[in-house]
Amino acid sequence: MDLGLADRTYLVTGGSSGVGLATVRALLDEGAHVATCGRDADRLKRIGHHERLFTATCDVRDADAVRAFVTAAAGAFGGRLDGLVNNAGQSRMKRLDDTTWDDWRDELDLKFAGVLHPLRASRDLLRASDAASVVNVNAVLAKQPEPRLITTSAARAGILNLSKSLAGELAADGIRVNSVCLGLIDTGQWTRRHAAADSGMPYEDWQAELAADRGVALGRLGRAEEVAYAILALLAPRASYITGTSIDVCGGVGRGIL
Ligand SMILES: NC(=O)c1ccc[n+]([C@@H]2O[C@H](COP(=O)([O-])OP(=O)(O)OC[C@H]3O[C@@H](n4cnc5c(N)ncnc54)[C@H](OP(=O)(O)O)[C@@H]3O)[C@@H](O)[C@H]2O)c1
């Protein structure tokens, strides 16, 4: 099935690694124009050159920088924008007794800025599209908190709640808003944790043990490309009646019914 993404323009935050990078590549493969950002210029350069790709350094916590990024991206692509993927971010491994107030403030700042700054900067452009779609990359933690990720779980729940509000608020502008809720996806987040754990275990064995420990029904971590597939499905103009919902991409780690 043709997803209808060719020649349309999409903005993906945090596209230099993991889920963001897989989404950028999948969109380019579909013939779309893509703009992406990250904080580290060298990591962005490693994506490689593509005539339909625009990259710029930008920290999503900085509203002015995000606005400049969106303006530059729109300029590069003829002032058109059909979709936004709010993906940039990372989680914070902390339990209640390890957290300071700065941890709470920083976590809430990253998660809420990561959605609201790109959305505010691109809303007028999205409104002009005939098939505007926003996808917020979230985590199953939003629905089933984990004590070892206490700040991230709470922030994720807030973002899932916000996504529902945004779907209602932006429907009149013709902008759909949905979420993908990830389980454990094999990206830089986990390779960094494997290195930090310094367990001496090969990465593959460490991953398998992790999947078993967390109760992943499919018995493995997910691949970034498997998440990108769900994101593209929600971006596609054919998903025109889907808004205010979330898709779990988690290999069955989610224990809830909803
Ligand atoms: N992997 C998982 O198991 C998992 C599970 C649940 C949710 N998630 C969420 O899924 C999203 C993607 O994660 P991932 O696993 O693909 O992580 P990743 O491989 O570490 O990639 C994160 C991307 O976001 C960028 N980024 C991080 N902070 C940023 C900021 N403040 N401003 C702009 N760009 C920023 C990074 O580039 P720079 O570092 O150069 O800025 C990088 O391009 C994140 O929001 C993450 O929390 C992941």
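Close-up 1. Aspartate 205 sits in helix α7. Helices (H or I, at least four residues) and strands (E, at least two) are DSSP runs, numbered from the N terminus. The model is predicted: local features need pLDDT of at least 70, side-chain atom pairs count only at pLDDT 80 or more, and totals for chains, interfaces and linings use all residues. Residues are numbered from 1 along each chain as its sequence is written, and side-chain values use heavy atoms, with hydrogens and water left out. Aspartate 205 has 43% relative accessibility and therefore counts as partly exposed. Buried means under 20% relative accessible area, exposed over 50%, and partly exposed in between (1.4 Å probe, protein chains only). Asp186, Glu204, Asp205 and Glu209 form a patch of negative charge on the surface. Such a patch takes residues with over 30% relative accessible area and no salt bridge, and joins like charges within 9 Å. Asp and Glu count as negative, Lys and Arg as positive; His and the chain ends are not counted. The place of a charge is taken as NZ of Lys, CZ of Arg, CG of Asp or CD of Glu. Areas come from the Shrake-Rupley method with a 1.4 Å probe. Helix α7 (residues 203-213) gives the most to this patch, with 3 residues.

**Close-up 2. Arginine 193, a buried charge.** Arginine 193 belongs to helix α6 (residues 188-197). Arginine 193 is buried and has no salt bridge. A salt bridge is a side-chain nitrogen of Lys or Arg within 4 Å of a carboxyl oxygen of Asp or Glu. The nearest side chain of opposite charge is glutamate 146, 8.2 Å away. Leaving aside residues up to four places away in sequence, arginine 193 touches Ser91, Met93 and Trp206. Contact here means heavy atoms within 4.5 Å.

Close-up 3. Most residues other than glycine have a negative phi. Aspartate 7 is not a glycine, yet has a positive phi of about 70°. Aspartate 7 lies in the segment before β1 (9-13). With a relative accessible area of 55%, aspartate 7 is exposed. Aspartate 198 also has a positive phi, of about 50°. Aspartate 198 is in the loop between α6 and α7. Its relative accessibility is 65%, so aspartate 198 counts as exposed.

**Close-up 4. Salt-bridge pairs.** Side chains of opposite charge can pair when their charged atoms come close. The structure holds 19 salt bridges. One of them joins aspartate 59 to arginine 61, with the closest N and O atoms 2.6 Å apart. Aspartate 59 is partly exposed at 23% relative accessible area, and arginine 61 is partly exposed at 37%. Aspartate 173 pairs with arginine 127, the closest N and O atoms being 3.3 Å apart. Aspartate 173 lies in the loop between α5 (150-170) and β6 (175-182) and arginine 127 in helix α4 (residues 101-127), so this pair ties together parts that are 46 residues apart in sequence. Aspartate 173 is buried at 16%, whereas arginine 127 is partly exposed at 38%. Glutamate 226 bridges to arginine 220, with the closest N and O atoms 2.8 Å apart. Glutamate 226 is partly exposed at 27%; arginine 220 is partly exposed at 34%.

**Close-up 5. A network of salt bridges.** Arg92, Lys94, Asp103, Glu107 and Lys111 are linked through salt bridges into a network.

How values were computed:
Patches are made of residues with over 30% relative accessible area and no salt bridge: like charges are joined within 9 Å, nonpolar side chains (Val, Leu, Ile, Met, Phe, Trp, Tyr) within 5 Å.
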